[in-house]
Amino acid sequence: MKRKALVTAMALLMGSGALTACGGGGGGSQNQTGNQAAAGAPSAASSDTLTVGLSADPPKLDPKLSTALVDRQVMINIYDTLFTIGPNNEIEPGLVEKYEVSQDGKTYTFHLRHGVTFQDGTPFNAAAVKFNIQRDQEKDSLQRSYLTPIVGIDTPDDYTVILHLNKPYSPLLAIFTDRPGMMVSPTAVQKEGADFVNHPVGSGPYAFKERVKGDHVTLVKNPNYWQSGQPHFNTVTYKIFTDQNVEVANLQSGQVQIIDTMPAQQVATLSQNPNFTVINQPGFGFQGLYLNVKQAPFDNKYLREAVDLGIDRKALVDTVFKGAASPGYTPFSQASSAYNQAQDTPPQPDPAKIKDLLAKGGKPNGFTFELQTAATPVTVQAAQVIQGMLSQYGIQVQIKQIEFGTLLDNATKHNFQASQLGWSGRLDPDQNIYSWFHTDGSQNDEQYSNPQVDQLLDEARAQLDPQERAKTYGRVMDIIHDEAPYVFLYHQNNLIAYNKHLTGFEYRADGLLRLATVSAQ
C-alpha cells in the first residue's frame, strides 16, 4: 500500500491484495501458521483488548511523512481529522464543527470544536490548526502539494481559523478528511523533533504506547477523549502479517478479531462462516505500475506504451482477484465523481500494435526490465501474471521482491525501473491524480512532467462544477493514456472481516478501520 496500495494485487485499501501506497504489504512477523489456526468458532474479543490484523508494518506514523495506507489504518485512531467521511461519502464535521466559504471561493472560515485536548494535555485550538497546516506545507512534507493554494492563515480567536486561498480550490474540505486534516500535538512535535514519527501524539480515541518493528503496534485508551462513551477498549494491539492467509487463519482462530484485508480466494469461504462479518465493497483506489520515465528503458515512450498495451487487465483480475477488484484504466473508480466508463475501460492487447511500438522504440525483439514489488503472495502472483503476459511479446520482466517499506523508499528516491504500487484512493478526484502526475506532485515517483497536464490539473482544482471538472480530468487522461508514465491495472475492493462478537464497526469507502465505536459483546 505508498500511498500506494499496490498492484496489489496491489491492493489495499485493498484488501484484495496488492499494496498501495497507501497500500499494503510489507514485512512482519507471523503470529500463527494456517495449520495451527482452527477454522471453528472464534473467541470473542475481551472488553479490555482488541487485536487487529494488519497486512503490513506501518512505515511512518506521522501524517506529514506518511504515504502508506497501513499507516492510515493506525493513525486514524491516534489523530482526529478536521472533517470526516460519512457513510454515503458525504463530508461531515470533525474537529471543525461548522464553516463558511466566501462567495469568490477563496476564503474559508472554520469554527473549531471546544473542549478537545491532545493526548499530552496540549489544548486543541486555532493555533494548533495553523501549526499543523504550516507544517504540512513545509518542503519535506509529502502533503504539501495538497495545500499549495493556501497562502494565508488568520486566527482571530482560539476557536476560529480563516484560510486565505490564491484561487478557488474544490478539494479543500475532502483533503482535510485525510492526512492533512490529522491534527498532531504541536508540543509533541517541538519536543520530539524528527523522532516524532516514533512518538506520535494526537487527540484521537487511542494514544500511541509502543511498537516493535515487524511485530506489533500498541495503542491505549485516551481517557480524556472528547466523544462521550468512546472508545470502548482499554488497549488496541495491531499484529503485523505479511502473509494474508496467515492473517485470515489468525482471525479464524480468534487470535485477532478484525483484519484489514484478505486474499480474494478466501472471501467466499469466510463469508459463509456465520462467525464472521465480511465486507467486500468497491473502494476509491487504483493499482498499477510506476514506470520511471527518467531511466531506461522507460525513458522511451513507445516502450512504455508497449507494456501498457500488453497487459490483459480482465484476465489479471479474474486470475488473481476473483470478484474483489475490477479492471481499471484511470485513477477514478466508479465511486468517483470523475468516473468515465469509456476512459476507464482498458484496451485489449493488440499484438500487431505492440510489435509496431517495439519497433518504433528501437527494440523490435523486445527488452528486459526489473519490476520491484512487495513480497506478499497476492502482489507476487499479480507480478507473475503480468510477467507471463508480456513475455509473449518479447518483453521480459525480472521480478524483484522487496520489503514494503523499502519498496516505498525506492519509489520516493526514484530508485527503480518499474514499481508495483497503487493508491488506496480518496474522496475527491484531485486527491487521486494531482500529486501523481503534476510535475510538482509529492507522489510523482515516475518523474513525469507535461506542462499541459500541469495546467489542466491546476484548472480542475479551481473548477466548482463537478461535471466541468470531470471533463477536464478526461482531457488529462487522454494525454496520460498516450504517454503511459503509469500503467493502470485495476480498482481494488475493500476486503475487511471481523468477528461477529464485535459491534459498532462503521464501514466507510476509504477502507479505514475506525475503532472508537467498536466494542465486544
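**Exercise 1. Find out how much of helix α7 is buried, and which residues those are.**

Step 1: Locate the helix. α7 covers residues 301–309; helices here are DSSP runs (H or I, at least four residues), while strands are E runs of at least two, both numbered from the N terminus. This is a predicted model, where local features need pLDDT of at least 70, side-chain atom pairs count only at pLDDT 80 or more, and totals for chains, interfaces and linings use all residues. Residues are numbered from 1 along each chain as its sequence is written, and side-chain values use heavy atoms, with hydrogens and water left out.

Step 2: Count. 7 of the 9 residues of α7 are buried, so the helix is mostly covered. Buried means under 20% relative accessible area, exposed over 50%, and partly exposed in between, with a 1.4 Å probe and protein chains only.

Step 3: Name them. The buried residues of α7 are L303, R304, E305, A306, V307, D308 and L309.

**Exercise 2. Work out which parts of the chain the D62 and R135 pair ties together.**

Step 1: Check the pair. D62 and R135 form a salt bridge, with their closest N and O atoms 2.6 Å apart.

Step 2: Place each end. D62 sits in the loop between β3 (49–54) and α1 (69–78), and R135 in helix α2 (residues 126–136), so the pair ties together parts that are 73 residues apart in sequence.

Step 3: Look at the cover. Both D62 and R135 are buried.

Step 4: Zoom out. The structure holds 18 salt bridges, and K64, E138 and D140 are linked in a network of them.

**Exercise 3. Describe the largest cavity and its lining.**

Step 1: Get the volume. The largest cavity has a volume of about 40 Å³. A cavity is a set of points on a 1 Å grid over the protein atoms alone, where a 1.4 Å probe fits but cannot get out; lining residues have an atom within 4 Å of a point. Grid points are joined across faces, edges and corners, and the volume is the space filled by probe spheres set on the points.

Step 2: List the lining. R72, I85, T177, D178, G425, R426, L427 and D510 line this cavity.

Step 3: Sort the lining. There are 2 nonpolar, 2 polar and 4 charged residues. Ala, Val, Leu, Ile, Met, Phe, Trp, Tyr, Cys and Pro count as nonpolar, Asp, Glu, Lys and Arg as charged, and the others, Gly among them, as polar.

Step 4: Pick out D510. D510 forms a salt bridge with R514, the closest N and O atoms being 2.7 Å apart. D510 is buried at 3% relative accessible area, and R514 is buried at 16%.

**Exercise 4. Describe the surroundings of R461.**

Step 1: Find a polar partner. The side chain of R461 makes a polar contact with the side chain of D430 at 2.8 Å. A polar contact is a pair of N or O atoms within 3.5 Å; within protein, one must be able to donate a hydrogen and the other to accept it, and residues adjacent in sequence count only if both atoms are side-chain atoms.

Step 2: Look around. Leaving out residues up to four places away in sequence, R461 touches residues including S145, Y146, P168 and Y434, where contact means heavy atoms within 4.5 Å.

How values were computed
1 Å grid on protein atoms, 1.4 Å probe; cavity = no way out; pocket = protein on both sides within 12 Å on 5 of 7 lines; lining within 4 Å. Salt bridge = Lys/Arg side-chain N within 4 Å of Asp/Glu carboxyl O.
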